[in-house]
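Trainee: I have a structure open and want to go through it with you. Can we start with what a word like "touches" stands for?

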Amino acid sequence: MAPPEDRPPRDACGVFGVWAPNEDVAKLAYYGLYALQHRGQESAGIAVSDGSRIVVHKEMGLVAQVFDEPALTALRGHIAVGHCRYSTTGASVWANAQPTFRSTGTTSLALGHNGNLINTRELAALLGGAGPGSAGIVATSDTDVLTALFVSDRAALDGAAAPEPADVARASASVVESAAAAVLPLAKGAYSLVFMDEQTLYAARDPHGFRPLVLGRLATGWAVASETAALDIVGARFVREIAPGELVCIDGRGVRSRTFAAPQPSGCLFEYVYLARPDTTISGRGVHATRVAVGRRLAAEHPADADLVIPVPESGTPAAIGFAEASGIPFGQGLVKNSYVGRTFIQPSQTIRERGIKLKLNPLKDAIAGRRLVVVDDTIVRGTTQRALVAMLREAGASQVHVRVAAPPVAWPCFYGIDFATRAELIAGRLSPEEICASIGADSLGYVSLAGLIEATTLPESRLCRACFDGQYPVPVAEDDRGKHVLDGLSIGS
């Protein structure tokens, strides 16, 4: 486990939804979440509808800790929404675990959210004293506010445009669908949503498409997920991505779609660097192939005279393969990762804490001793981990340590669903690459260029959010809308 002051970048969540009358939807959701566990490790939950009522089971912990066979067996129905969380708005407590659930007596809704809204206070104010907020319910997450708005009759009546008579799908829209179509254009920031009422599964993606969301076809139904890897694990065939600004509805009539906002694609570039699984495809490009291409570009931009290329497992491995291929330097394993070190409730003793990184990584001394190493990592956020890693490799006998990074310097915080630190805490926000090299004790340090990273994705620069690298935010963020706890203590509708 990384020392307390240095954590890897974390995403906001993974979402999964399934509509399948002839399937065990709770187990499909469980395995879908299992494939998305890397996106959120604080809590997990699944909601299921049998057509007349929604049942939610959620708890703090990993997917395999929250669910067992009896829990899944109790979740009977034909629609399911699943979620695994890492908090970016609202504390890491059970009350903020997802899917969130709200009911007005006539309408119920369960919702899972990947992303981060940047006008949560503004949205909360829309509830006023109406609907589910009339009891003064306290919300501390942007997701809970959105859920309350979606089941608010007032949101549907005040905001929804009158349906066109020729448009059968819209004319027969449910209260939830009408409310979602009215509220979603008001939400600012990043949101990939999977939600449901008693009869219908919904999916929606913000107009910028910051976070990924895909649609898949099952033999007897449909699935929606944060990544294509989750479709693979449940046997769903990838159909397409949910488009930015699109609301999809799935029920017994099939799949229908409506556009609630003009698309302005700005997909997260950091998904390719670290967040997404390597076996996932984003915008038609495999993540593994992108990371290998980044490694090749890194070798061209920052060559090194060395004996061995080693990755920081596992996220640095594809780029290390590409670096080795392009440089002609042999690829090898120099670090062993403890696969069982993850989220834990047991804090290490001071003696163990001082050894820091060795809880997670340990060197192969026979492979390292006397060698000049190129060490390929995915990112440097605060620098603490890399400092400890370089020291550990030297202690193991490495004669030189050249660090290569498969991303540009992370110099700006993210407000769209990644829990990056404030700029003052980011080492690249304070120091130059030369100063960072000296700080971590490496013989040399090289970052792939922003242009090189973008080129590896095969997407145009205009379709990618690069804010954490260049400070150019597609959606401006007000100072009082920043941070996890913008809603702490706010009573909706009181």
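Mentor: Contact means heavy atoms within 4.5 Å. Keep in mind that this is a predicted model.

Trainee: OK. What does Val-287 touch, not counting residues up to four places away in sequence?

Mentor: With those set aside, Val-287 touches Tyr-272, Ala-276, Arg-277, Pro-278, Thr-280 and Ile-282.

Trainee: Which helix is Val-287 in, and is the residue buried or exposed?

Mentor: Val-287 is found in helix H11. Its relative accessible area is 0%, so Val-287 is buried, the cut-off being under 20%.

Trainee: How far apart are Val-287 and Val-273, C-alpha to C-alpha?

Mentor: They are 8.2 Å apart in space and 14 residues apart in sequence.

Trainee: Now the largest nonpolar core. Which of its residues touch the most other members?

Mentor: The core has 48 residues, and those touching the most other members are Phe-270, Val-309, Phe-323, Val-376, Tyr-416, Phe-420 and Phe-469. Elements that each supply at least two residues of this core include helix H10 (270–275), helix H12 (317–327) and strand E20 (372–377). The largest share, 5 residues, comes from H11.

Trainee: What is Phe-323 in contact with, leaving aside neighbours within four places in sequence?

Mentor: Phe-323 is in contact with Gly-295, Arg-296, Leu-298, Ala-299, His-302, Val-309, Ile-329, Val-374, Val-376 and Arg-404.

Trainee: Changing topic: how many residues of H5 are buried?

Mentor: In H5, 9 of the 9 residues are buried, so the helix is largely enclosed by the rest of the structure. Among them are Asp-142, Val-145 and Phe-150.

Trainee: And Asp-144, where is that?

Mentor: Asp-144 is in helix H5, residues 142–150. With a relative accessible area of 13%, Asp-144 counts as buried because the cut-off is under 20%.

Trainee: Which side chain does the side chain of Asp-144 make a polar contact with?

Mentor: That of Arg-102, at 2.9 Å.

Trainee: Last one, the surface. Which residues form a nonpolar patch there?

Mentor: Tyr-31, Tyr-34 and Ile-233 do, with about 320 Å² of accessible area together. Tyr-31 lies in helix H1, residues 25–35.

Trainee: Why is Tyr-31 called partly exposed?

Mentor: Because its relative accessible area is 43%, and partly exposed lies between under 20% for buried and over 50% for exposed.

How values were computed:
Residues are numbered from 1 along each chain as its sequence is written. This is a predicted model: local features need pLDDT of at least 70, side-chain atom pairs count only at pLDDT 80 or more; totals for chains, interfaces and linings use all residues. Side-chain values use heavy atoms; hydrogens and water are left out. Helices (H or I, at least four residues) and strands (E, at least two) are DSSP runs, numbered from the N terminus. Buried means under 20% relative accessible area, exposed over 50%, partly exposed in between (1.4 Å probe, protein chains only). A polar contact is a pair of N or O atoms within 3.5 Å; within protein, one must be able to donate a hydrogen and the other to accept it, and residues adjacent in sequence count only if both atoms are side-chain atoms. Patches are made of residues with over 30% relative accessible area and no salt bridge: like charges are joined within 9 Å, nonpolar side chains (Val, Leu, Ile, Met, Phe, Trp, Tyr) within 5 Å. Accessible areas come from the Shrake-Rupley method with a 1.4 Å probe; for residues, only the protein chains shown count as cover. A salt bridge is a side-chain nitrogen of Lys or Arg within 4 Å of a carboxyl oxygen of Asp or Glu. A nonpolar core is a set of buried Ala, Val, Leu, Ile, Met, Phe, Trp, Tyr and Cys residues joined through side-chain atoms within 4.5 Å.
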